[in-house]
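User: Hi! I've got a model open here and would like to talk it through with you. Could we start with the charged pairs and go on from there?

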Amino acid sequence: MKHDFDRIIDRKNTLCIKHDPAARGMPADVLPLWVADMDFAAPPCVVDALVERSRHGIFGYSNINGEYFDILRDWFLRRHGWRVEREWLLLTPGVVNAVYLAVRALTAPGDGVIVMQPVYYPFAASVRDTGRKLVVSELAIGADGRYEADMADFEAKIAENGVKAFILCSPHNPGGRVWTRGELKRMGDICLRHGVTVIADEIHQDIVFGGRRHAVFADVDPAFASIAVTCTAPSKTFNLAGLQLSNIFAADGGLRRRLEAECRSAGMSQPGVMGIVSCMAAYAGGEEWLAELLAYLDGNISFLEGALGKLAPRVRLMRPEGTYLAWLDFRGLGMSAGQLDSFVANRAKLWLNSGYTFGESGTGFMRLNAACPRSILEEAADRLCAAVAEQG
Ligand SMILES: Cc1ncc(COP(=O)(O)O)c(C=O)c1O
């Protein structure tokens, strides 16, 4: 490998939230494997572009240009076979921001908005915080141990609750599913039948393993483009979350105008220049780095699967098809949610995301972020195995 993903980079005192346990009431000696950013440096081409731009010294109001869009268009075509047009694009300072914005723009207070839980916790928050009605369709764990959508329940909940929007997580956080075209087609057909707009959060779209290919929801069927808002960003792929830039696409003019009006009413203006510079550099020159990253992450997950295999059935890992997030099922330990939180933080000395924050059905699970040097993961596995063994 040309890039050294084994290198441990000290992130303390860099204003990073992941490595600041005191700020969130965690013991000082926990290994931080929670929030979804990576402990790897961004690709050298991105760092170089940011340094060069910094040296210029003037950081005034900035905006994207034709070259920015060309780079984006080539990326989505090359990586996902998806052809985007300039007028579909809208920039926001993050995908969570875009999800909130879309919920407000495309539904009215009191409207039903459906999510498939367990799922990335800001989805439910965006529905509640904006005074919409949260409707939940639970994912089921299939015979292969992976999450699957309950299509009959999904459609029934939509019909019963007059649902107006569906927030889709694809690939799925925390379960790591890379939804197949067939699954997305079924979800989309249901939404079309019931006049439901789909807010597709595809932020993890570049991180897929085992020869899988991410399917862009809006591109699965020509009819889906008219009901979809596709949320993308270079931030998960290239570790740029702190630069706060996401690319949101809506092919339908009506949806787009409502989103644009919402941006105006929120007082949004130009994007940050470092976000623009990093996005261009990453999508134009980061592909070789990304290939190595994916191989390294796949290796990390295989390591974890092997190391934790002996803990079954007390602890089981749901191997992700995409994302660098591992969903761990601790239900075999028979602990309450509070006991499990304490066990993981105080006995295993790990800082993970509590499963119940992803929805009630996440109770008994924990999410582990595997995007770190392998030696950190080895330490994490040792700590967890020792704590479980002590537990008897
Ligand atoms: C599914 C999903 N959407 C959005 C985000 C965050 O996006 P942003 O930092 O662009 O708001 C995350 C980060 O973990 C995520 O997993």
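**Salt bridges and beyond**

Analyst: Happy to! Salt bridges in this predicted model come to a count of 24.

User: Nice. Which residue does Asp-39 form a salt bridge with?

Analyst: Its partner is Lys-18, and the closest N and O atoms of the two are 3.4 Å apart. Lys-18 sits in the segment before strand 1 and Asp-39 in the loop between strand 1 and helix 1, so this pair ties together parts that are 21 residues apart in sequence.

User: Let's switch to rings. How many aromatic pairs are there?

Analyst: The count is 20 aromatic pairs. One of them is Phe-5 with Phe-40, an edge-to-face pair with 5.1 Å centre to centre and 80° between the planes.

User: And where in the chain are those two?

Analyst: Phe-5 is in the segment before strand 1 (31-32), while Phe-40 is in the loop between strand 1 and helix 1 (44-56).

User: OK, domains now. How is the chain divided?

Analyst: Domain 1 covers 21-43 + 287-391, and domain 2 covers 58-285. Their centres, taken over C-alpha atoms, are 26 Å apart.

User: How many residues are in contact between them?

Analyst: 34 residues of domain 1 are in contact with 34 residues of domain 2. The buried area between the two domains is about 2900 Å², and carbon and sulfur atoms give 56% of that.

User: Which three residues of domain 1 supply more of its buried area than any other three?

Analyst: Those are Glu-287, Glu-321 and Phe-358, which supply 28% of the area that domain 1 buries against domain 2.

User: What about salt bridges between the domains?

Analyst: Five salt bridges are counted between domain 1 and domain 2. Glu-287 also forms a salt bridge with Arg-79, where the closest N and O atoms are 3.1 Å apart.

User: Which element gives the most to the domain 1 side?

Analyst: Helix 10 does, with eight residues on the side of domain 1 that touches domain 2. Helix 10 (287-308), strand 12 (325-329) and strand 15 (365-369) each supply at least two residues there.

User: And what is that side made of by class?

Analyst: By class, the side of domain 1 that touches domain 2 has 18 nonpolar, nine charged and seven polar residues.

Conventions. Residues numbered from 1 in each chain as written. Predicted model: local features only at pLDDT ≥ 70, side-chain atom pairs only at ≥ 80, totals over all residues. Heavy atoms only, no water. Domains from an automatic or database assignment. Contact = heavy atoms within 4.5 Å. Buried area = accessible area lost by both parts, 1.4 Å probe. Salt bridge = Lys/Arg side-chain N within 4 Å of Asp/Glu carboxyl O. Helix = DSSP H or I, 4+ residues; strand = E, 2+ residues; numbered from the N terminus. Nonpolar A, V, L, I, M, F, W, Y, C, P; charged D, E, K, R; others polar. Phe/Tyr/Trp six-rings, centres within 6.5 Å; stacked < 30°, edge-to-face > 60°.
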